[in-house]
Amino acid sequence: MLFNSYEFILGFLPLTLAVFFLLGATGRPRLALSWLTAASLFFYGWWNPAHVFLICCSIAFNFGCGSALAALVERRQIPAGRLLLLVGVLTNLGLIAYFKYAGFLVSSAGVAIGADWRVEEIILPIGISFFTFQQIAYLVDIWHGDKAENHFIRYALFVLFFPHLIAGPIVHPKVILPQLAASATLRPSLQNLTVGATIFAIGLFKKVIIADNLALVATPVFAAAQAGEPIHFIQAWTGTLGFTFQLYFDFSGYSDMAIGLARLFGVRLALNFHSPLRAVNIVDFWRRWHMTLSRFLRDYLYFPLGGNRRGAARRYLNLMITMVLGGLWHGAGWTFVLWGA
């Protein structure tokens, strides 16, 4: 179910919003949050019902792991806590590795030794990188002293909340969980509804009017090049610039729609794009493009590696590791590794 589909705009969204605030107005916050969680799970299952069980298992595992980790941290059982954190993080990474990278890793190993190794096609669960990274952040934050969420429905909603579930922005647990616990979230606000609807409309315009029409220009050029047809100068630049703006307006538009939808429910998501194509240099560009991913890689990869605190050589090594893994995050292929490098 796409944000720009009729099923979503005319059916799912108004029904979910109306029932949520109706339950909130009757003084049943737990029921209101349960409804929004169930609606988000339905939204996720619309793509592939078979993956509903997977995301439910992931949520249950991380909720239990977080609770146990918080207890160990509180009792200062550091070795046991570090081991549990390692198990939790590796389990999450293993989930991504199997579904997203198993075929790539096996085929690459086969090429390296001259063998024809392949695995059967694995259907990638949609949004797996987003909901897995957010839960890794949750466990790491507990290890650093944050409190674990003791309300399972609220935790499940933090992961499943449909505006950010499929394509981000990547949300931070200590930013979203308090908002879900606030009583104001359960009451409709004219400001939230008007601001949310406006941001959603802007994102919808970017996606449907700009990005989808630019695709009609860019896609034939790349299809012709792939087919071996000669591409002339004007065609090449038309396709290149067309795809650049298509990619930006598609992703930025979808992020805006997510931010607008969350605001309708009284939840504020972080800005994900800040006019990156107006950047004056590459550093400025990375501060403006997919900002929530950049912050996640900085806080949970670059800083733990040492950041810039251990000399220039180590700083550049840490930057290289972060960017290469950031490239691989976008897709399973050597082109993504090369792009990150």
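Student: Which helices each supply at least two residues of the lining of the second largest pocket?

Tutor: They are α11, α12 (291-302), α13 and α14, where helices are DSSP runs of H or I with at least four residues, numbered from the N terminus. The model is predicted, so local features need pLDDT of at least 70 and side-chain atom pairs 80 or more, while totals for chains, interfaces and linings use all residues. Residues are numbered from 1 along each chain as its sequence is written, and side-chain values use heavy atoms, without hydrogens and water.

Student: How is a pocket found, and how much space lies in the second largest pocket?

Tutor: Rolling a probe the size of a water molecule over the atoms shows where empty space is left. A pocket is an open set of points on a 1 Å grid over the protein atoms alone, reached by a 1.4 Å probe, with protein on both sides within 12 Å along at least five of seven lines; lining residues have an atom within 4 Å of a point. The second largest pocket holds about 850 Å³, the space filled by probe spheres set on the points. It is lined by 26 residues, and W286, S294, R298, L319 and M323 are the closest to its centre. Helix α13 gives the largest share, eight residues.

Student: What classes make up this lining?

Tutor: There are 14 nonpolar, eight polar and four charged residues; Ala, Val, Leu, Ile, Met, Phe, Trp, Tyr, Cys and Pro count as nonpolar, Asp, Glu, Lys and Arg as charged, and the others, Gly among them, as polar.

Student: How many residues line the largest pocket?

Tutor: The largest pocket has a volume of about 1100 Å³. Its lining has 43 residues, with L247, F251, W329, H330 and F336 closest to the centre. By class, 30 are nonpolar, nine polar and four charged.

Student: At what angle do α5 and α8 pack?

Tutor: Two packed helices are described by the angle between their axes and the distance between the axes. Helices α5 and α8 (residues 173-181) pack at about 95°, with axes 10 Å apart; axes are lines fitted to C-alpha atoms over the stretch in contact, and angles run from 0 to 180 degrees between N-to-C directions. So α5 is roughly perpendicular to α8, a term for angles of 65 to 115 degrees.

Student: Which residues of α5 and α8 meet?

Tutor: Q134, A137, Y138 and D141 of α5 meet P173, K174 and L177 of α8, contact being heavy atoms within 4.5 Å. Four of the contact residues are nonpolar, one polar and two charged.

Conventions. Angles under 35 degrees count as roughly parallel, over 145 as roughly antiparallel, 65 to 115 as roughly perpendicular and the rest as oblique.
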